[in-house]
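Have the sequence and the 3D view open side by side as you read.

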Amino acid sequence: MEIIVCLKQVPDTEAEIRPTPDNTEINYEGIKFVMNVYDEYAVEEALQIKERVGEGTVTIVTLGPERAVESIRTALAMGADKAVHLDDPAFGGGDAYSTAKALAKAIEGMSYDIIFCGKQAIDDDLAQGGNILGEFLNLPSITGIVKFDLSEDKKKATVQRQIEGGIEVLEVSLPAVFTATKGLNEPRYPSLPGIMKAKKKELKPIKLADLGLSEEEVGKKGAQIQVLKFSLPPVRQAGTIVGGDTPEEKAENLAKLLREEAKVI
Amino acid sequence: MAGIWVYAEHRDGTIRKVTFEILGEAKKLAEQKGEELCAVLVGADVEGMASKLGAYGAERVYCVEAESLSGYTTGGFTKALSDLVQQEKPSILLLGATANGKDLSARVAGRLKVGLATDCTGIAVDDAGTLQARRPMFAGKVYAEVSFSDVTPQMASIRPNVLLALEPDETRKPEVIKITPDVKPEDIRIAVKDIMKTGGEKPDLTEAEIIVSGGRGMKGPENYHILEELADVLSGVVGASRAAVDAGWRPQSDQVGQSGKVVTPNLYIAAGISGSIQHLAGMGTSKVIVAINKDPEAPIFKKADYGVVDDLFKVVPPLTEQVKKLKAE
Ligand SMILES: Cc1cc2nc3c(=O)[nH]c(=O)nc-3n(C[C@H](O)[C@H](O)[C@H](O)COP(=O)(O)OP(=O)(O)OC[C@H]3O[C@@H](n4cnc5c(N)ncnc54)[C@H](O)[C@@H]3O)c2cc1C
Ligand SMILES: Nc1ncnc2c1ncn2[C@@H]1O[C@H](COP(=O)(O)O)[C@@H](O)[C@H]1O
C-alpha cells in the first residue's frame, strides 16, 4: 500500500490572528504553528491502514515555508516513512487551486493507492484541496470521511461520509482521494523513539524548477482568488446578566427578555 | 450569454433553504449587472421544484435530469453541472456551503479552472461586474474581502442562515429549460451503498433558527432530555460542545465549533458550556446568544447577550415552562 498524506502547517487554534496595519496580510509574528487539525486525522488513518495491511509506505507531501519542516517531522515521528517538502518562494501566497496544482505535479510522479487530505485547512478554511487534487490527478474524491475500510483484495475502499442529517456509505475503487474529518480516528502522539527515528527519515525538498511548472502557474500568481483586504469581526459585547432571587425567577425573566426585548421567541 | 446562476440543492424532493437565501441576494447582483438570474436543478426528477425557484426570484430554471443523477454523487453532479456551465457560460455561479455544496463546488472549480471562495457571508459585484465575496478565515478570527481572477464563472459557496430570502411570489413564473446531460457510469466512479439518516425530521444545526446546546456541565447523556424539551417548545434543535461529543454523550453530527459545525441561528442557548475559543468559532455569529452557567467567570458570558449565572438543572426546566406559557398567550 502506497499512501500519500497532504499535510499543511497552520497557526494553532488558540493563536490570536491579526492583519498587518495595512490590512493586506496576516501578521504571523510570534504565532505558534502546528499540523493542520484535520491533517492529523489523515496521518493517523494512513498509519492505521499501513499497520493493518502489514506493509506499505506513508509519504507526507507538504507545501509551505521552511518552518513547515517542524510539522513534517511531527508526522514522521508519528510513524510516516518519508516526506517531500515543496519549498520555494514562488509557491507562497497561493489559493487552494494553485496549491493543488503544485501538489498534483509533485504527486504525479509518485506511486500511490490512497491519497489522504484534511477536510479543510484551518487557516484559509477553503475546504477545496482534496477535490481539486482529485480533479487534477483524474482520481475520484470523497470529502469528510468518518470511517475507512479497505476491501480484502485492497483494490477498493468503503467509507462513510458525513452529510447534514445522515451518513453516506460509499464504495470506490482505488486509487482515490479522501479528505478526513473529526470522528475518523484518534490521532496518536509521537513517541520518544518515534521522534528520534524521525530525524533520520528522508525529507526531500522540491523547488519550482523540479516540478516543470512556470512561476505564473503556482502560488500567488497562479491563484484564482485573492484577498484584497482583511478586517477584524465586530467585537461582541457582554450583555445583560439576568436578575432574579431564585433560578425560577431568572428563568421567567430570561423568557420575557427573549420575547419582548430580543424578539427571538 | 452570461447570467448569474444559483445551484439549487435539494434533498428528499425539497429545495434546501440556503438556495432561497442565495437567490434573494443574487437578485440584487443580477439587477446591478443587468444579467438574468438563473437556478440549476440537477437530479432524476426535479422539474416539479422549478416553480418554487421562480417564486423566490429565479427568472430561468435549468432542469438537468437523468436517472443516473437520482442521488448525489460528486462525479455525476460535477459532470452534469460543469458541462452545462461550459455551454451556457454564466458569469457567476453560487452554491450553498453545505456538505454537498462544498464538495461539488470544489470539484467543479477544479474542472473549470476557476476561482472559488468558500463559506461566504456576503457577496457583491464591483463596478466592473466582478464578484467580490466576504468570507471568514481562521475560524472567523478575521474576515477577508476576496476578489477573483477574470476567468468565469467566478464561484462562491454561501454559508446557510446568513443571507435573506425574498418573500416568495407564486405569480412569478420562471422559464424552464430541460437539459439531458451526458453522464456516463465512468463519470460517477463512486457507488452509493447506503444513506443512514441520523437527524430525523428536524432541520440540521446549520439551518436551524434556534439551537439549545449542552456541554460538559450536562454531566451525562441521560440529562439531555431537559434540553430536548426546551428545544421542542422553541421549535429548535439540540447541539453540543466537543467535550460532550468526545465523552460519547452526543453524536459527532451535533458538535458545534471549529472542528464541528459552524452555525448562525437567531438564538443560541449554551447550557453548561464554558465558551472556549474553538466553541465560539462555531457559534460566535449567532444573532442572540444566551449562556446558562454556574460559574460567573466562564468566558461564554463575555460573548452572551443574556447570561444566567446559576445551576442549569434548576434553570432549564422552569425556562421551558415559561416559554410554553408565553407561547400559549
Ligand atoms: C483543535 C481543537 C478543536 C476543537 N474544536 C472544538 C469544537 O468544535 N467545539 C467545541 O465545543 N470545542 C472544541 N474544542 C475543545 C475546546 O477547547 C473545549 O475543550 C470544549 O469546548 C469544552 O467544552 P465545554 O464547554 O462543554 O466543557 P468545559 O470547558 O469543561 O465547561 C463546562 C462548563 O459547564 C459549567 N457547569 C458545570 N456544571 C454546571 C451546572 N450544573 N450548571 C451550569 N453550568 C455548569 C462549568 O462552569 C463550565 O463552564 C477544540 C479543541 C481543539 C484543541
Ligand atoms: N500547502 C499545503 N501543503 C500540503 N497540503 C495542503 C496544503 N494546503 C492544503 N492542503 C491539503 O488540502 C486540505 C484542504 O485544504 P484547503 O482546501 O486549503 O482548506 C488540507 O487539509 C491538506 O490536506
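In this predicted model, ligand 2 of the structure is surrounded by 20 residues. The closest are A:Cys6, A:Asp39, A:Ala121, A:Ala127 and A:Gly129. Sorted by class, this shell holds 10 nonpolar, seven polar and three charged residues.

Now look at the oxygen atoms of the ligand. A:Asp39 places a polar side-chain atom 2.5 Å from an oxygen atom of ligand 2. Backbone atoms take part too: an N or O atom of the A:Ala121 backbone lies 2.7 Å from a ligand oxygen, and one from the backbone of A:Gln128 lies 2.8 Å from an oxygen atom of ligand 2.

Next, turn to helix H1 of chain A, which runs over residues 37–53. Its buried residues include A:Asp39, the residue whose side chain approaches the ligand oxygen. Also buried on H1(A) are A:Val37, A:Tyr38, A:Tyr41, A:Ala42, A:Val43, A:Glu44, A:Glu45, A:Ala46, A:Leu47 and A:Ile49.

You can check the length of this helix yourself. At 1.5 Å a residue, the 17 residues of H1 should span 24 Å, and the end C-alpha atoms are 25 Å apart, so the two values agree. Just past the end of H1(A), A:Gly54 adopts a positive phi of about 90 degrees.

Definitions and conventions. Residues numbered from 1 in each chain as written. Chains lettered and ligands numbered in written order. Predicted model: local features only at pLDDT ≥ 70, side-chain atom pairs only at ≥ 80, totals over all residues. Heavy atoms only, no water. Helix = DSSP H or I, 4+ residues; strand = E, 2+ residues; numbered from the N terminus. Expected span 1.5 Å × (residues − 1). Buried < 20%, exposed > 50% of the residue type's maximum accessible area, 1.4 Å probe, protein only. Near = heavy atom within 4 Å. Polar contact = N/O pair within 3.5 Å; in protein donor to acceptor, adjacent residues only side chain to side chain. Nonpolar A, V, L, I, M, F, W, Y, C, P; charged D, E, K, R; others polar.
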